[in-house]
Amino acid sequence: MAPIAVGDVIPDGTLAYLDDENKPQAVSIHSLAKGKKVIIFGVPGAFTPTCSLKHVPGFIERAEELKGKGVDEVICISVNDPFVMNSWSKTFPENKHVKFLADGSAKYTYALGLELDLTDKGLGVRSKRFALLVDDLQVKVANVENAGEFTVSSAEEIIKAL
């Protein structure tokens, strides 16, 4: 499948998270994005160095600025289970705005055409690193990284596009 691109409507899909009682819950991406301006950014894996030290912290640190520019939701997606995503989110106690959602079987990542096969490295199928700016389900910016890079999908790059 061709990767999601500017002008495309994001596919609907179900992602998971843990509620306040640590019970898995499902949420439709369309329910979070319809009629809103959202940033959806994907990372290859929770607890990995670039994701934990650069990508996620950038969106957490710039969340107020993003909100001030009209962004309603900031969503982080990774091919991990909701228990891992919940634990990872707790390593960012300063976070007030970024939602951590799990794509445990990579179904949504495949629907976006942004899968990254790292099986030869023992990591299975993951997500490419990316950041999408979506307005009422339509992709306005699609910043997708080449494998191993972190140059175009940062919060700073999305802010430039706003």
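# Notebook: burial, cores and a few single residues

I began with burial: 47% of the 162 residues of the protein count as buried (under 20% relative accessible area; exposed is over 50%, partly exposed in between; 1.4 Å probe, protein chains only). The model is predicted, so I kept local features to pLDDT of at least 70 and side-chain atom pairs to pLDDT 80 or more, while totals for chains, interfaces and linings use all residues. Residues are numbered from 1 along each chain as its sequence is written, and side-chain values use heavy atoms, with hydrogens and water left out.

**Overall form.** I looked up the secondary structure and found six helices and nine strands (DSSP runs numbered from the N terminus; helices are H or I with at least four residues, strands are E with at least two). The C-alpha trace spans about 40 × 35 × 30 Å along its principal axes. I then checked the radius of gyration (over C-alpha atoms; the globule rule is 2.2 Å times the number of residues to the power 0.38). A compact globule of 162 residues would have a value near 15 Å, and the protein, at 14 Å, agrees. Next I took contacts (heavy atoms within 4.5 Å). Of those with a separation of 6 or more, 63% are between residues 24 or more positions apart.

**Cores.** I searched for nonpolar cores (sets of buried Ala, Val, Leu, Ile, Met, Phe, Trp, Tyr and Cys residues joined through side-chain atoms within 4.5 Å). The largest has 25 residues, and Phe41, Phe59, Cys76 and Trp88 have the most contacts inside it. At least two residues each come from S3, H2, S4, H4, S5, strand S8 (130-135) and helix H6 (155-161). H2 gives the most, with four residues. A second, separate core has 20 residues, including Leu32, Ile77, Phe130 and Val134.

I followed Cys76 further. Leaving aside neighbours within four places in sequence, Cys76 is in contact with Phe41, Val43, Val56, Met85, Trp88, Val98, Lys99, Phe100 and Leu101.

**Helix H4.** Which residues of H4 (82-89) are buried? I listed Pro82, Met85, Asn86, Trp88 and Ser89. They lie on the same side of H4, because they cover an arc of only 165° around the axis (taken from the directions from the helix axis to the C-beta atoms). What do they pack against? I noted strand S1 (14-18), strand S3 (37-43), helix H2 (49-61), strand S4 (73-78) and strand S5 (98-102). At the start of H4, a side-chain oxygen of Asp81 comes to within 2.8 Å of the backbone nitrogen of Phe83.

Cys51 is in helix H2. Cys51 counts as buried, because its relative accessible area is 0%. Not counting residues up to four places away in sequence, Cys51 touches Val43, Pro44, Gly45, Val56, Pro57, Trp88 and Arg129.

I looked at Glu73 in strand S4. Glu73 counts as buried, at 10% relative accessibility. Its side chain makes a polar contact of 2.7 Å with that of Lys99 (a pair of N or O atoms within 3.5 Å; within protein, one must be able to donate a hydrogen and the other to accept it, and residues adjacent in sequence count only if both atoms are side-chain atoms). Beyond four places in sequence, the contacts of Glu73 are Leu32, Lys36, Lys37, Val38, Ile39, Lys67 and Lys99.

Lys140 is in strand S9 (138-144). Lys140 is partly exposed, at 42% relative accessibility. A polar contact of 3.0 Å joins its side chain to that of Gln138. Leaving aside neighbours within four places in sequence, Lys140 is in contact with Val6, Leu133 and Asp135. I also took the C-alpha distance from Lys140 to Val9: 9.6 Å, across 131 residues of sequence.

**Backbone.** Most residues other than glycine have a negative phi. I noted Asn22, with a positive phi of about 60°. Asn22 is in the loop between S1 and strand S2 (24-28) and is partly exposed, at 41% relative accessibility. Ala106 also has a positive phi, near 65°. The place of Ala106 is the loop between S5 and helix H5 (107-112). Is Ala106 buried or exposed? Ala106 is buried, at 2% relative accessibility.
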